[in-house]
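Welcome! Take a moment to look over the chain below, and then let us walk through it together.

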Amino acid sequence: MMLEHVLVLSAYLFSIGIYGLITSRNMVRALMCLELILNAIIINFVTFYDLFDSRQLKGDIFSIFVIAISAAEAAIGLAIVSSIYRNRKSTRINQSNLLNVK
């Protein structure tokens, strides 16, 4: 695959993620858009590793770390969202003011 095609794909995924993160009112959708952004970054790391650095594994190792961090972020984020849903009965971002004391 050519470099331009991969970069266009990555830019497309990144812009979908940013748009979804900005316009999302649902916490689960915001987490999914954050995962799209991280996947676009991983695609760039692997592409540039393949293009420039064929003897050292810096791009692949860094991509593995990003995948591990995004998996931990998804697990912790979904745990927080389910806890908020259990207490507030809503996952909408504008309705979950956690600093409100009842």
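Let us start between two helices: serine 24 sits in the loop that links helix H1 (3-23) to H2. Helices here are DSSP runs of H or I with at least four residues, strands are runs of E with at least two, and both are numbered from the N terminus. Because its relative accessibility is 10%, serine 24 counts as buried; buried means under 20% relative accessible area, exposed over 50%, and partly exposed in between, using a 1.4 Å probe and protein chains only.

A polar atom of the serine 24 side chain lies 3.5 Å from the backbone nitrogen of alanine 30. Asparagine 26 caps the N-terminal end of H2, with a side-chain oxygen 3.3 Å from the backbone nitrogen of valine 28.

## How the model is read

This is a predicted model, in which local features need pLDDT of at least 70, side-chain atom pairs count only at pLDDT 80 or more, and totals for chains, interfaces and linings use all residues. Residues are numbered from 1 along each chain as its sequence is written, and side-chain values use heavy atoms, leaving out hydrogens and water.

## Along helix H2

How far apart are the end C-alpha atoms of helix H2? They are 38 Å apart, which agrees with the 38 Å that its 26 residues (27-52) should span at 1.5 Å a residue; the expected span is 1.5 Å times one less than the number of residues.

The buried residues of H2 include Met27, Ala30, Leu31 and Cys33, and Glu35, Thr47 and Tyr49 are also among them. Asparagine 39 has its place in helix H2 too, but it is partly exposed, with a relative accessible area of 37%. The C-alpha atoms of asparagine 39 and serine 70 are separated by 8.9 Å, although these residues are 31 apart along the chain.

## The whole chain

Stepping back, the protein chain has 3 helices and 0 strands, and its pattern along the sequence is α-α-α. Of its 102 residues, 25% count as buried. Among contacts (heavy atoms within 4.5 Å) between residues at least 6 apart in sequence, 56% join residues at least 24 apart.

In the model, residues 6-23 are 100% helix and 0% strand, with end C-alpha atoms 26 Å apart. Residues 61-85 are 100% helix and 0% strand, and their end C-alpha atoms are 36 Å apart.

Definitions and conventions:
Polar contact = N/O pair within 3.5 Å; in protein donor to acceptor, adjacent residues only side chain to side chain.
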